[in-house]
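Colleague: I am new to reading protein models. Could we go through some of the terms together?

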Amino acid sequence: MKVFRLSVLFSCLVLPWNAIANVWKDECVSYYQLKLPENLEVAVYPVEDFVNPDERPASDRDIKVQRYATPKIAFIKNNGLRDRYTGQVQFSQFYYDKYELGISSESPEMIDFPAYIEKVKDDKFFWNNVRKQYENRSFRVLNKPVTPDAEFNRRYGYLIKEYPDAFTIYGSRGYTVYINKDNRLYHFWGDFQKETNDKSQTAQKQLRDNEPEVLSLLNRFQPRNLYEVPTEQGFCFPYGFIAGDSGHEKRNMGVTYRLKDHPDVTIFFQDLGMEPNAGKEKDLNEKDYVTWLWNWQYQWSSVSKELIRPKWRTIEMDGRKGVGTFVKSVFKDGRTDYGYVAYVQGNHSARNQEPDLLLYVMQYSRQAKGHPPMDKDELEKMAERIVRSVHRR
């Protein structure tokens, strides 16, 4: 009978994480390529939040102003349900050119797209009815005049144009493109102008002026799988790609990944190629901005933080020098988590060409879910390997 030595058996049980998950693959975010561990999940919108959202009615006195829960980016569990914990995905942002992107999880069955079109129509009807009720209430309470029907219809009327596997809603202020590919829904939300008294702005004018742009987007859009990196010029986002653009479009693409074998660890990579909606990065130098992130954004609920030596590291992403930090955070419940931030400041006069780049590897040990939390040294090595791999495609 064959006998195993205890030392050999023990060594099998304590193999470090990177010795087990030693397969790394190329992935792309925005105009950048980086290496990531295999067996990741990506935070996107749960498809059910689009096609069959939870009922969550809300009213403003006598007016019903909400029927369903607002879709939110989340990780998807094996049973298709979204992870109710949102702390790991709170920094995700999907902006490209003039659009905010909505990317769904994969539906377990074919999406009933005609039924979805009818749902979107019904949502538009609901919101126009809410607007009309607010106007009527203002007339009753404040004696404000009600917008004439013709002007109300100009402002809030819309046209729906259907295309193969897609449709677009054109309104007076912009349009939204909806695409159904590979059992996922992709939204390109656009609200391109503030409301004005310009009577020439109509849904018909938006259709006439912008349909060529919509057709170009539909022709250049491609679904893709995780770790499927296109060879041609274009823009990457989770499970999608837009081919043949300028390569310098304005964008804010911040994508969050989570390790399936270590759900306590998430990887957030951001290409901030446009003016941010909020934040301090435009006012601070690299070191002060990273300090602000640790103080006010990252692991902010900890009772203490400690920069692990070397406290300020020189890193390189995309051939550009930046700063890196590795932090130990202690929380009220006694747990200790670690986080790694690498940041390269871009040219804020030409963000679309030389953007800020940010990598944040976050640990939240409460999410370990039966697995031992990742060892801090392994987390640090993983983060540093990702940083070194980042380059322009």
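Colleague: Why does R224 count as buried?

Modeller: Buried means under 20% relative accessible area, exposed over 50% and partly exposed in between (1.4 Å probe, protein chains only). R224 has 4% relative accessibility, so R224 counts as buried. A word on the source: this is a predicted model, where local features need pLDDT of at least 70 and side-chain atom pairs count only at pLDDT 80 or more, while totals for chains, interfaces and linings use all residues. Residues are numbered from 1 along each chain as its sequence is written, and side-chain values use heavy atoms, with hydrogens and water left out.

Colleague: What makes R224 and E27 a salt bridge?

Modeller: A salt bridge needs a side-chain nitrogen of Lys or Arg within 4 Å of a carboxyl oxygen of Asp or Glu. For R224 and E27 the closest N and O atoms are 2.9 Å apart, and they form a salt bridge. R224 sits in the loop between β12 and β13 and E27 in strand β1, so the pair ties together parts 197 residues apart in sequence. Strands (E, at least two residues) and helices (H or I, at least four) are DSSP runs, numbered from the N terminus.

Colleague: Is E27 buried or exposed?

Modeller: E27 has a relative accessible area of 2%, so E27 is buried.

Colleague: How do you know that K98 is partly exposed?

Modeller: The relative accessible area of K98 is 33%, which means that K98 is partly exposed. K98 also forms a salt bridge with E213, the closest N and O atoms being 3.1 Å apart. E213, at 29%, is partly exposed.
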